[in-house]
Amino acid sequence: MQNTRVVVTGLGVCSPNGVGVPAFKEAIESGKSGIRFYSELEKLNFSCQIGGMPLISEAVKAKYFTPLQLRNFNAAGILYGVAAGMEAWTDAGLKIDEENCDFDSGTIFGVGTLGVDKYRESIYKVDEGNTRRLGSTSVQQTMSSGVSAYLGGMLGLGNLVTSNSSACSTGTEAILLAYERIKNGKATRMLAGSTSDGGPYVWCGFDALRILPSKYNANPTQASRPMASDASGFVPGSGAGALVLETLESAQKRGAKIYAEIIGGTSNSGGQRQEGSMTAPNSIAVKRCITDAVKDAQITAEEVDVINGHLTATSKDDLEIKNWSEALDRSGQEFPYINSLKGMTGHCLAASGSIECVASVLQLKYQFLFPNINLQQINPEILKVVSENRIPRGRMNLEFNILAKASFGFGDVNCCLIFKKI
């Protein structure tokens, strides 16, 4: 790789607990949950009748889409991704050239499931013999690269425009891939992020697997409980997060605001070997991903101040903590501070990594840690590894330099990024 420094100059987010960076920052600092009860899930006999979906106003829709574009539009993931991506671009102070193509800029915007509601609508019309009534935008609303295609056209991007997909590690991986492209001298700036649809037709499989909590339907904000002794499964969510990455030289030349620097990272797979499977992690690979990311960043494990974990509020939370401890060779009072956003947002699936990276960068920039909410009693297996005061229950001011962010996904895939204060 070339010796090119890569920095974050723009942020955008559509989260269950806040749409737009100002609202999101306020929400995570105060520990505000975005988990809600959905009557539609009750009518469909879901065991878990709660979830997290961004509340998108008509004003936000009108800001990014024309009335013509919104006609027959039924793809929430594209809406979330466009809103987050365009906010990040504007936040970075970048202009949009309506005439010329920008060959120095591109996007890697990941997806998990996209256009599910549009697919469902289309299936009904096709089965009724009304194919001609599908509308002229049904293809772009349902193709996997739909969100990157929309953003590429809106911004006139001429560099790489694509979408990746790696389950719950998608967003973190998109940012890593964008970082590596800039580092390799193939782009000056990249819009990186991910998005995910929500609702019953996305969440049904998880409900069928019985890995979602069912006893909090009357008390949704208390349901997502990462690292808690009484955690009973992850709450499904949706949304999008976006970061503008660019060379330090470019950012300084145009006088851009700089949030943080990315100094390294890596991704790998456990191959569904050893204890790894389609749904469970291979700890050997997880630990290797973390140690390789630290090595790539050219820092020591002792320099990691904060971890923003994957930590989904399932039975694997204590295993994740153990893996972090063994990978960094740190435990007890020497373990880094650690938090999980999922207590406030639920698990936003393919969007989780990018939304959590936005939260991570905000913590670095403004030197605070957001709280681990709903954590009355920490899992005793976790306390065997980590001192309790390394798991903040309330907002905490902290001067720190290095944050490690990791995401782990179905298919036994892993990704870890290292962010640094600048």
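Predicted model: local features only at pLDDT ≥ 70, side-chain atom pairs only at ≥ 80, totals over all residues.
Residues are numbered from 1 along each chain as its sequence is written, and side-chain values use heavy atoms, with hydrogens and water left out.

With a disulfide defined as a pair of cysteine sulfur atoms within 2.5 Å, the count is 0. Cys289 likewise takes part in no disulfide, the nearest cysteine sulfur, that of Cys416, being 5.5 Å away. Cys168 is buried, with 9% relative accessibility, and Cys289 is buried at 0% (buried, under 20% relative accessible area; exposed, over 50%; partly exposed, in between; 1.4 Å probe, protein chains only).

Arg390 is located in the loop between α16 (380–383) and β13 (396–397); helices (H or I, at least four residues) and strands (E, at least two) are DSSP runs numbered from the N terminus. The side chain of Arg390 makes a polar contact of 3.4 Å with that of Tyr337 (a pair of N or O atoms within 3.5 Å; within protein, one must be able to donate a hydrogen and the other to accept it, and residues adjacent in sequence count only if both atoms are side-chain atoms).

In helix α10 (residues 200–208), the buried residues are Pro200, Val202, Trp203, Phe206 and Asp207. These residues lie on the same side of α10 because they cover an arc of only 150 degrees around the axis, taken from the directions from the helix axis to the C-beta atoms.
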